[in-house]
Amino acid sequence: MSSKPYKLSYIAKYIGASLDGDDIEISSMKSLSSASNKDISFFYSNKFKEELSKTNAGAVITDKTNSKYFKGNKLIIDNVHLAYAKATDLFAESTFISEKKGLSPDAFISKESRLPDDVRVGPGCVIEKNVVIGKGSILFPNVTVLSNVSIGKNCIIHSGTVIGSDGLGFAKDENDQWKKINHLGKVIIRNDVEIGSNCTIDRGVLDDTIIEENVKLDDQVHIAHNCRIGKSTIMGANATIGGSTIIGENCMIGGLCGIADNLVITDQVIVSPVSFISKSIKKSGKYSGSAPLMPRKDWLKASASYKQISKKDK
Amino acid sequence: MSSKPYKLSYIAKYIGASLDGDDIEISSMKSLSSASNKDISFFYSNKFKEELSKTNAGAVITDKTNSKYFKGNKLIIDNVHLAYAKATDLFAESTFISEKKGLSPDAFISKESRLPDDVRVGPGCVIEKNVVIGKGSILFPNVTVLSNVSIGKNCIIHSGTVIGSDGLGFAKDENDQWKKINHLGKVIIRNDVEIGSNCTIDRGVLDDTIIEENVKLDDQVHIAHNCRIGKSTIMGANATIGGSTIIGENCMIGGLCGIADNLVITDQVIVSPVSFISKSIKKSGKYSGSAPLMPRKDWLKASASYKQISKKDK
Amino acid sequence: MSSKPYKLSYIAKYIGASLDGDDIEISSMKSLSSASNKDISFFYSNKFKEELSKTNAGAVITDKTNSKYFKGNKLIIDNVHLAYAKATDLFAESTFISEKKGLSPDAFISKESRLPDDVRVGPGCVIEKNVVIGKGSILFPNVTVLSNVSIGKNCIIHSGTVIGSDGLGFAKDENDQWKKINHLGKVIIRNDVEIGSNCTIDRGVLDDTIIEENVKLDDQVHIAHNCRIGKSTIMGANATIGGSTIIGENCMIGGLCGIADNLVITDQVIVSPVSFISKSIKKSGKYSGSAPLMPRKDWLKASASYKQISKKDK
């Protein structure tokens, strides 16, 4: 996109909103507090009252109920959050513009892989043998895709991510040394998946690791061998999923959550950050598992008491 | 290897098992549920009863006790898990086959480093000055090895891993600004070590960081400056070890565990995932330190109570 | 530096200490236990008594109070820790010496970025469009800097780090699919910042992500979109900061800490490792939030009790 500035009426049409005000030119999108009179912003709640009273935004996106809080030009629509997401399309520029289309000459791509014309691969990427990538997908710079990985259409893989490494698989041998279990499986990533920076998605041992459609992973997420991650599930940064665990659809896994291996997590499970899931979850809903933060002197007492619990009923 | 298919008798001999059934041809290894009649699979417990009743596997590896549960061709051996690990050797292909042997021309390798002929270094790797790598070691694509690092024989370093960075070392100066402590130490990695993707192994400050023989690290593990990790210790993904901590032999550190700095952990310590080890451990055994997962509404109550403990005896 | 060896008197002058003993030649710096008679070491407490009694160090840095514990050559100064940090300057060699100065020909650098002459960029680095880097900064090998990122003077960015990726920003569309929120903001990194290996610093959505002067991040730290990290704050490995969170000056955030999104953490907050900060912190001080480690059999009991708390007052 990025043929900015845009007339407000053009933005209204693009996001499906109705224009209330003057049809001014808009050159960018900003938060209420940093927007100038050339910028559009958004809000969907009265909790932004203070920012609203001070904003210099040339226009805002908001809903009918909240529109009374802003006197200037506005685009009115029911789902403000989605409209805001759509509007960002208009102002986005590629962050690795150096390779607008196609494969960077500074990437290493095996001749034995199949990449359609419109796939973009940044400099420093390594794509090994027998990799298949679907139309419209983007690999940011310095991504590594080992052999026998398939990536769907319209996927985005951010920099530093490694797809298809071996997982942690070993057996103790006769001399009590670790013997490597070779990984014979693949990684299969379906359409419309986005994977953050410096993630690690391991290949399966015998069968495959599968990331279903529309899954969205933040940076530094780890998916171990043989996992299956269900459609539209989203995970926060550093979420760490153990081997062979199956996660349902539309789950939300908080950052720094650990999920043990060989579990089954049903659909629509929401887990708050820094929790350890050690058992399968059969019932949809919200779960938490972090210990509460306290001033250190209180925490010392609470920890000491907690350790005593196990001795009480002896 | 990979001159497949193999006769079942060949596989039996390779793993040291006895063949009970027909000497059919086997082209791959799969789990019980996905195996076809050209595939070999394995099981070592009656808990796989359901998969067994439905499997199409052409053959299985199992032990004497469990062999009665499968009517088809089988390879019988005491240690099924190890036999399965060995059998994967036969079916493994390199996942960066583009460089079957030797150093990728797309790697950056300092002329002042010493690499034997049979070391494999993938595209995108950077190997700085005074690096020594032992025979038979493999560096997957996009690994970074800074100067003065030594890596033993038959090591495997997965993509995106960084070995020999400076750690977090600073002193406050006269103006209350952080002054960098330069890192003068090395990283020494012994034989038969495998390090997962996107790990970070920092060099020592004055002395060296040492990873002993046969250590196995999952992806995204962090080993800080001056650590020593004992022989055959294994760590899950995102395990994070603080500076100067010494970990014994044959330990198993769960994923997302944090171990504070300057500790000594004895041999054969097993820590379950998402635990924080804040004190030295002198006694071998199993330890846990995560808070239990609960439905969020129960967790809110439990957290509130827990916070009260510290106030009770005031 | 590195025109070693140095006379002890030269080192004394460099760090501002007074020499007590012979003006011998010193070729390196080591810990008390590994120092030879050509090495200098340091100590600032009687807790090193045992190492002191056995050390072969040719000289030590120490303070007046503790100087009595060592009979050999010594450099005496009040702030031993800072003096030691300064002394490491003399013995440091670059760990990517292959590119002593300037930009590696094996880096990909957009012509539309501005890098002063004395910036060092290692092999495998990717620097996209509209990147500005200040004088004296060093990018270790395999760093990725996406477009519209600015990095101040004298910064150090370690290998594998990714600066300027999109964060986890999505809105559910009419078909219950995730719609990407494009990231229009920048990353701004001020002077004297050091960022460890394999970190991820996401660009802002509408406004910018800002890392203030003298911030020091360990390896694998994650800073989400729109965060602001205050001056001289330091974070341990794998610390994971949620979107739009603002952290004050001179904070110390332990390794594996998670901080939720949209929080405000005041200045001088110290949080011990593996804690989850779910609410804003308005008062400076020390906080902890990890569950205590226990032998597994005790932990099973304690966890069971803890889960019961929520049912007690029903």
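This is a predicted model: local features need pLDDT of at least 70, side-chain atom pairs count only at pLDDT 80 or more; totals for chains, interfaces and linings use all residues.
**Figure 1**

**Figure 2. Helix 1 packs with helix 4 in chain A**. Two packed helices are described by the angle between their axes and the distance between the axes. Here helix 1 covers residues 8-15 of chain A, and helix 4 covers residues 80-91 of chain A. Their axes lie 9 Å apart, at an angle of about 125°. That angle makes helix 1 of chain A oblique to helix 4 of chain A. The crossing of these two helices is right-handed. Which residues meet between helix 1 of chain A and helix 4 of chain A? Helix 1 brings A:Ile11, A:Tyr14 and A:Ile15. Helix 4 brings A:Ala83, A:Lys86, A:Ala87 and A:Leu90. By class, this contact has six nonpolar residues, no polar ones and one charged.

**Figure 3. Helix 1 packs with helix 3 in chain B**. Find helix 1 at residues 8-15 of chain B, and helix 3 at residues 80-91 of chain B. The pair packs at an angle of about 125°, and the axes are 9 Å apart. Helix 1 of chain B and helix 3 of chain B are therefore oblique to each other. Their crossing is right-handed. From helix 1 of chain B come B:Ile11, B:Tyr14 and B:Ile15. They meet B:Ala83, B:Lys86, B:Ala87 and B:Leu90 in helix 3 of chain B. Six residues of this contact are nonpolar, none is polar and one is charged.

**Figure 4. Helix 1 crosses helix 3 in chain C**. In chain C, helix 1 spans residues 8-15 and helix 3 spans residues 80-91. The two axes come within 9 Å and cross at roughly 125°. That makes helix 1 of chain C oblique to helix 3 of chain C. Is the crossing of helix 1 of chain C and helix 3 of chain C left-handed or right-handed? Helix 1 of chain C passes helix 3 of chain C in a right-handed crossing. C:Ile11, C:Tyr14 and C:Ile15 form the helix 1 side of the contact. C:Ala83, C:Lys86, C:Ala87 and C:Leu90 form the helix 3 side. The contact of these helices divides into six nonpolar residues, no polar residues and one charged residue.

**Figure 5. Chain A touches chain C**. How many residues does each chain give to the contact? Chain A gives 57 residues and chain C gives 60. Four elements of chain A each supply at least two residues of the side that touches chain C: strand 4 (28-29), helix 4, strand 35 (294-295) and helix 5 (296-312). This side of chain A has 22 nonpolar, 25 polar and 10 charged residues.

**Figure 6. Chain B touches chain C**. Here 60 residues of chain B are in contact with 56 residues of chain C. Several strands of chain B give two or more residues to the side that touches chain C, among them strand 16 (162-165), strand 17 (170-172) and strand 18 (178-180). Strand 21 (200-202), strand 33 (276-277) and strand 34 (285-288) of chain B also do so, as does helix 4 (296-312) of chain B. By class, this side of chain B divides into 21 nonpolar, 27 polar and 12 charged residues.

**Figure 7. Chain B laid on chain C**. Two copies of a chain are related by a rotation about an axis and a shift along it. For chain B and chain C, the turn is 120° and the shift along the axis is 0.0 Å. The RMSD is 0.0 Å. That is the relation of a three-fold axis. Which residue of chain B has the C-alpha nearest the axis? B:Ala291 does, with its C-alpha 3.3 Å from the axis. The copies use different surfaces: 18% of the contact residues of chain B recur in chain C.

**Figure 8. Chain A laid on chain C**. In chain A, A:Ala291 comes closest to the rotation axis, with its C-alpha at 3.3 Å. Only 19% of the interface residues of chain A are also interface residues in chain C, so the copies meet through different surfaces.

Conventions. Residues are numbered from 1 along each chain as its sequence is written. Chains are lettered from A and ligands numbered from 1 in the order in which they are written. Axes are lines fitted to C-alpha atoms, for helices over the stretch in contact, and angles run from 0 to 180 degrees between N-to-C directions. Angles under 35 degrees count as roughly parallel, over 145 as roughly antiparallel, 65 to 115 as roughly perpendicular and the rest as oblique. A crossing is left-handed if the near helix is turned anticlockwise from the far one by less than a right angle, and right-handed if clockwise. Two residues are in contact if their C-beta atoms, placed from the backbone, lie within 7 Å. Ala, Val, Leu, Ile, Met, Phe, Trp, Tyr, Cys and Pro count as nonpolar, Asp, Glu, Lys and Arg as charged, and the others, Gly among them, as polar. Copies are superposed by least squares on the C-alpha atoms of residues with pLDDT of at least 70 in both.
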